Structure formats: C-alpha cells, structure tokens
Amino acid sequence: MYGQFKTIDEANRAVIDNVVSSSPFLVDVVLAKSVIKELNGKVLLHAGPPIKWENMTSPMQGSCVGATLFEGWASNADEAFAMLKNGEIEFIPCHHVDAVGPMGGITSGSMPLLVVENRSGGNRAYCTMNEGIGAVLRFGAYSQEVINRLGWFRDVLGPVISKALKVKGDGLNVNVAMAKAITMGDEFHQRNIAGSLIFLKDIAPYIIQTDAADKDKQDVIQFLADTDQFFLNIAMATSKAVMDTARQIQHGTVVTAMCRNGYEFGIRIAGMGDQWFTAPVNTPQGLFFTGYDQEMACPDMGDSAITETFGVGGFAMIAAPGVTRFVGAGGFDDALKTSNDMMEICIDHNSNFSIPTWDFKGSCLGIDARKVVETGIEPVINTGIAHKEAGVGQIGAGTVRAPLACFEKAIDAYAVKLGLIEPAAE
Amino acid sequence: MLYTIIKENSYQDSVNLMLLTNKISTMDGINKVQIMMGTPANKDIFKTSGLSTEELGKAAANDMCIVVDTDSEEKIQEVLDEVDQYLNNQSISNSKQEFESVRTWDKALKALPNANIALISTPGQYAAEEAEKALDNDMHVLIFSDNVTIEDERRIKEKAHEKGLLVMGPDCGTEIVSGVPLAFANVVKQGNIGLVGASGTGIQEVTVQIDRLGGGVTHAIGTGGRDLSDKIGAITMIDAIKGLAAHKQTEVIGIISKPPAKEVRDQVVELLQSLSKPVVAIFLGEDPHNHEGNIYYANTLEETAAIALDLAKGNPVKPNYNKITGEVSAVNLKPEQKTIKGLYSGGTLGYEAATLISRGLGLGKSNSHEEGYLLKTNGFEVADLGDDIYTQGKPHPMIDPDTRIKFFQKAAEDESTAIILFDVVLGYGSHEDMAGALLPGIQKIQNDAKAKGRTIYFVATVCGTEQDPQNIAEQKSKLENAGVIIKDSNNQAIRTALAMIDIHVEEMDKEMVPAAKKAADQDITTSSAIEKLLNEKPSVINVGLKKFTSAITENGGKVVQFDWRPVAGGNERMRKVLSVLR
C-alpha cells in the first residue's frame, strides 16, 4: 500500500532520512530563462499555489507590474496593468518549476536566480536574490528605483557572484553555513544576519579574485554587507532543493511544501505528490513599524514557508532569541514553547542543525500532517508583513499560522487514495 | 446586546474557563457571559444559554470564545482586560513549573519513559480512548473523568486485567499511591493501612480520620463508583485487594463502597475472607450488626478509620465507635424550625448524612427519588451538589462556592430549617480557601435570620489533614469565628446536628461471629505491574487538568503534563481518517 514501506511511519522515516542526508551546495547564479524554459515566453512565476490575476493581492499585482516593466513588455505601469488584466501574461507557481520566491515571489526570465544543488538527490532549486529593504519588488513596488536595482542584479550582482562561485570551484556548502548560523542566533526566516555574514565571509575572497571591474566588486561586497536578509533566499532555495529530493518518495504524510499567495495557503504531502491542498490564508499578526498597524497588513504571501517545511523559521524560534519579541513571541520562554509546540507535530530532530539554546537538540524535522490534524497545532510561520497596498513595502514582522484545513484535506485525500476510506459526502 | 470576541488558537481547559466565566459575570454591567472553547458541543451550550452569535459560528475548536451580553459597549474592553489579566497571571504562576508540558502521547512517553500511571481528566466521551492508549503503553490508568459508558468501562477494565494493569475509575476522584495524592486527595501520613474504595470522598474521609487518629496509609486505591455493579463485577477492586494482600507494608486492608450488587458483594467478601490480613469494610447504608471472621464491618466512615487503626495497632476492636464526642450546643429555635438541610460537596459524605438522618427519622433506606437529592422528606434534605445535574457548565462545589451559597440561601428561606449541615473538603484539587469563600454567604444568612428574630445554625466538618496545602486550623477557625459548629468528622457533625433537634441515632454494639461460610480456595496472586505500582513512587502522565500536577511534584512523584485537546478538535471525519492512517 505504501510502496516498499510497510507502514506510513516507515515511509515518513524514509522521507526525513532524505532530508537529514541532504547535501545542498550553492553552485551558481544564472538568468532565470536559462534554466526555466517556461520563462522564455510572456510568463511570470509567483509565490504559492496557482492563482488568477483577479485574486492576487495588491502587492503581488504591483510586483507583476514591476516585472512586466523590467522585462520591457510594457512601457508604463498603466499598459502593464492592462496587459496583466487582459491575460496576456501567463502565471505559473514558482514551485512548479523547481523555484521558490519570497513574498509575491514574482520572477521573470531576466532575473538572476541563486542555484542550489542537492548533491544527495542530484536536483537543483532556484530563488531570486534578496533585494534588501525599502521599495522592493517582492512587496509590490515598481518604481524606477526598483527596476534599476533589478537591472543591476542582472548585470552586476548575479554575474559577479556567479564568477566568484566559479573561482571557488565546487560551490558553497550550505549545510555547513546553516549549522554555524543557527548557533549564532539565526532561524533563517526572520533572522538571517549570521548566515548573511557567513556568506559574505565565504564569498568575499573569491569575489576579489574575479575579473570583474573593481567598482562592481566593491558595490557587490557593499550590497552583501548591507543586506541582512541576503541569506534568506539561499535558505529558501536550499530548503526547496532538499524537500524536493525528499519528496521523490511518494508515500507517507510528511509535509513537503508550504506556501502562500495572499489568497490561499497551499501544502503538499509526500504521499500525494504534486497535488496542492489549499485553504484561505490568514493575515500575519505582529509588531508594526511606526505609523502602521494591523489594519494595513496584507494577507499572508510567499514561498518562504519552505524554510518552516524544512524545520527552521518559526519552528526554530528557540534558536533566535534576538527576534522573538519582534515576531510577537514575548520572551525566551515563549520562544522555547513555540519550538516545543512545533516539535509536537514533527517526527524527529535534524541533527545537522544543533541548537545550543535548546540543549543542543537538532532543529525540527518532518512535519507530519497527521499530527497537525490530531493536535490541532497549526505550523507557525515567521514572516515579514507587507502593506496591503502595492509599493508601500514591509510594514512590520510577525507570525502567521498555516490553516488546519490544508492538512485535513491532505490526509483525507491520502486516505481516500489508499482506499482506506470512502470520500466524504459533499 | 451580544458581543462576541474570538481569541484564535488560545486553548484553555474548561475548568479554567468556567472559573473565568464566573469571575467576569460578577463584573458590574454584565448581564450574562459565557467563555468556552469553540467546539461543536460548546456552541450548543452557547445556543441554549441564548448567547449564540454569527461570529461564534465561525470559531474553531481551538479558539477561545467569549460572548458577553451587556448594555454598554464600553464594558467589552473591561472584560477583555480582565480576561487577559486572568490568563496572564496564570502564565506567570505556571512559568516555574518543574515538569514538561506535551501535546501528544509520543512526546509524553519520551519525556517520562518510566511513566506507570496515566491520570486522565479529559471530557468523558474521550476518556476511554485515552485510557486504551495508556493501557497499550503498559500503564495503569486513573480515570478522573465521568460520563464514560459502562460498556467502555467494562471493556477497558477487562483489557487492563488481562495485561495485569489497574484501571482506577472512571469517575474516580481520589487516589493515594505511595504517599502521592492524585486528583482530589489529602496529604495523609504513611502507615500500614491499605484502602480500596469505590467512592472519592469516602476515601478522603477515611484517610483523613486515620490521619487524625494517629495512623497512616500505604495506598488508597479508588475504583470508580460503578466497579461493584453487576455489569463490572469489581474487576478493579478484586485486583487491587490482591495487590494489597501481597504488599508487605500493608497490614490492614480497608474496603469502602456504597452497597454493591449482591453477587458482586459475595465475590468480594469471599476473597476478603481468604486473606490472612484483617479487613475493615464499610458498605454504606447497610447497617451491619456483626463482625465476621477477619472482616470487621463499620457503619460510618469514621468508624471504618477507627477500626482500621485498632487493627493496625493490634488493639482489640471495640464493640461500638459511634458515640458523640463533646457537648451538643444548646439551641434557640422557633417552633417551626425542625429540619436539617445537608448541602454537601462530597457525594459520599452527603450519602452518609442521608443514611444517618433517615435512620434518625426512622425512614429506613434513604433513597430519594428526586434527582440531585440524596434525601428529601418532610423538609429534611440532603443534596450532593457535586452531582452532574448541578455541575453542567459549572465548576464542582469543591472548587467553587457559588452553587453552595445559592443552596444555603434557598435553605434559609425555608422556615422549617433549623440547621444547615455541610462539608468543607480540603486537600489537593480543592479550593484554596473554601471557608473564606463560603463565609460571606453564611454571614448574610445569619444576619438576615437575626433581623427576623431567628437563628439558623451551621454545622460542618472540615475534611482535611494538617499536611494539606490549605491550612486546616485556619479554615476551621474562620468558620468557628463566624459561629459555625465544627466537628472532627462527618459522622460527628451529622449526629450533632440531629441531637440539636433532639434526634438520636443509637448504634448497637457489634458482636464477633465466625465467617458465615468457609472461604473457598482463592487465587490471590497479583501481577508484577501491580506489585511495582504499589512499591514505587508513581510516575504520572497527567492527561488533562494541569492543577493535578502540583500534588504529584510536591510529594515526590514524577509527572509530565499532557495538555490534552480532543483529537482533530472533535471532527468525526478526521478522527476516522486518522484512525485508518495509523
């Protein structure tokens, strides 16, 4: 019934063994259309499960406009809006083409992507590079400043890092960087400053050795030094690469993806392959920058919940006492409680990422959809909070819960697929 | 106007929320309030209290739902502040806990791998399922929950028996294992008397009296009230007796029960007769006249303790223990004041009162046919306020004074009432200051009566020991200072109340007679798991009410708190799906 496995527990164990034995390396930065063939047409990738234009949040629509302008498909915002509304541009979820995208997750062919290869599975995953804070595409801004930065990413940042990685030769071992960073207070969703620092430390010597212009090298290093969340996108691509290897086993109830598009929250479980199980998204709650409040918060967006799927992010709150208050978790005891609670819905600890503040227990490993339903404990996701109007950008940070209904639908469908139960009457 | 506040993903157990509801309902300007988790069953309760709203309909099982009926919208913020303060204070008091809190069996078993007892206080409909999980993990089970079907009880007790395990309960309120009180129990000195009882407050009163008289207990094992019914056949009591028979430190065995089914009684007595240890037994309401062989029969809980203690010390058993000790106060009653109202929080204590008062009135058996009353005749009333019909959606009278104060008032309004007889039960689980909580109600009644030129007497017993977490001396003096007549035992309190209206219940001296028939050969071997249970400090997985943990940690036991919630929030389809995906 479960392939070569006797029980669901055995299948789940095999899936999480794949996670633990993963070997992800950051190997390159490439233009999106060179590795994702779909992006050679008028196509945009977006975060979360499939979505129509009319259901997108204002920030995600703003991102689409920005990408349309960046690609030169339209000469101004009004034109871009019209094209998008008329259905002239096709939308595909990042997850369907081995990619993940933060917030709106809007990705177009001319954007450079981080390439993480999981050598234990031989597969690759892609993610855009972090733009920093302020007016940025992922929060729906599409001003000239945003378009210019994307151009610099394409022409300078991407190529320079790519060259540096080629000088290095065999890629950067991400597990090692993450194992170090988690002991330095990162949880890889809300806090990535340690990971970003380690990346800068690892890559800088190779940047120096490239044949890039001195000003470009200096600008790149300055940008990396300024961008505290740069490592988030590396962690996302890594989590995606690892979970995609793990889900080659198509049995059991381990959650293999969690993502949101501002309209729906979607999850996948190993036993149901590529199928999405969705429910309406929640709106994150947390702390807001001065002048903003909960009323202005945009519903939950982004593929970044792949980090929680991998067992870090909100699940590793205990590793990052520095941000617990920022994400509304109160003090240290609350952070501990959050991670302990998340452990209730996970199968084991991931010994690759030992957390000193958690008595050196490993990070959470393998969300079991059954346990989520059984306990009613919804996975917690640390997240930035976007303004609900496009272009305003990030207005706070907090946490949001994955809706229980996704997990209920997933295990229900799995039980039906296995023939263990009749489908529920409508 | 109804206002609804939903706090998402904010689970609190129902007792907590009932206490909180009571607290909020005393605020000025609140017509009505109900605070519960948003389970389907609770939503029905909201509906029946006329507090159903549209927003409430959307709440999920893990959402805390507050519906307030108030005329002024400004009150809502006050309510919210009060709720937050209540919940926050609780988190402060919980912050230094010496135990781990878990949400699944998997994690509970990892946290306490040697756990040997699961203490289950979930809502009744889930208790059997959780008990089976515990049995599957080779643990003894104490089911505090009530509302478990008798079919489920039979099934799990048979399963336990086959595995050599004990199922104590359901509806088992009291248990002492190796000096560790579980659920509602007193801190009793350790000694050589082992008890098995089918009644919670029966065990509490007997252990308290043993302690007061200078003795001590090894274990007090509760079986649940239905164990001695013909449908269950005393499965737990028999296994527990065999366990105590084999337990070295237990030199005297005590049995406490309401009258059992005839054939079950015979079976238990036959087993007791075959033991080499002396036994004291009380089958409440039976009115025995003899002691038979190694079994000594008692009429009252106090007598049970006294006989046990004489046996434990090797003293001869006296023919009679039921004389009133101390003076009976002179009374000043109006001619119409002729009756006693017994308003009990302890069911068995109430039962004892009903039995003695019936005998005093020459009524014979004390079976009341009115629900919630143990006795109701000619103005004499005894009510067990812990009965299900009084505790629907309300906390038990051992932890909340409200129901009792209401009944006190009702009793005082009856012109025939001379005496209000009641109990204050101390120990773990019970209210931290019940005497103080009842006092305002008592004083109001006294003052109102005085204004009408009448006196209403209060007679009470405080069921507790000096080691209990409440200060017993202070509890007693608070009541005594308010003019309440306090007696050392329930038996004494009842007899004193009766004597005050000139009714005297005479007890005949008991004679020693040989056992009625020769004991057949009995298999009295016990299982290794029960032997282990009785020879170690317990390690407990506390499934449900968090307040039960302190009794365990403070008395040398180990505990893991299982913050239980209904599987899949009580969603039936999901329960089925989960069961096929095991």
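Predicted model: local features only at pLDDT ≥ 70, side-chain atom pairs only at ≥ 80, totals over all residues.
**Helix H12, chain A**

I started with H12 of chain A, which covers residues 332–343 and has 12 residues. I looked up its reach from first C-alpha to last and got 17 Å, close to the 16 Å expected at 1.5 Å a residue.

Next I asked which residues of H12(A) are buried. My list holds A:Ala335, A:Thr338, A:Ser339, A:Asp341, A:Met342 and A:Met343. I kept a reminder beside it: an α-helix has 3.6 residues a turn, so residues three or four places apart point the same way.

Then I checked what the buried residues of H12(A) pack against. I found helix H11 (321–324) and the strands S13 (346–355), S14 (361–367) and S15 (380–386), which belong to chain A.

**An open sheet, chain A**

I moved on to a sheet of 4 strands in chain A and noted the order S10-S9-S8-S12, open, with antiparallel pairing. I marked S10 (277–280) and S12 (301–302) as its edge strands, since each pairs on one side only.

I took a second look at S8 (residues 255–261) and S9 (residues 264–269) of chain A, and found them antiparallel and joined by 5 bridges. Here I wrote down that A:Ala257 stands opposite A:Arg268 of S9(A).

**Where chain B meets chain A**

How many residues of chain B are in contact with chain A? I got 19, and they touch 22 residues of chain A. Helix H20 of chain B (residues 572–580) gives the largest share of chain B's side, with 6 residues. Sorting that side of chain B by type, I noted 9 nonpolar, 5 polar and 5 charged residues.

Terms used: Residues numbered from 1 in each chain as written. Chains lettered and ligands numbered in written order. Helix = DSSP H or I, 4+ residues; strand = E, 2+ residues; numbered from the N terminus. Expected span 1.5 Å × (residues − 1). Buried ≥ 20, exposed ≤ 12 C-beta atoms within 10 Å, placed from the backbone. Contact = placed C-beta atoms within 7 Å. Pairing = 2+ DSSP bridges. Nonpolar A, V, L, I, M, F, W, Y, C, P; charged D, E, K, R; others polar.
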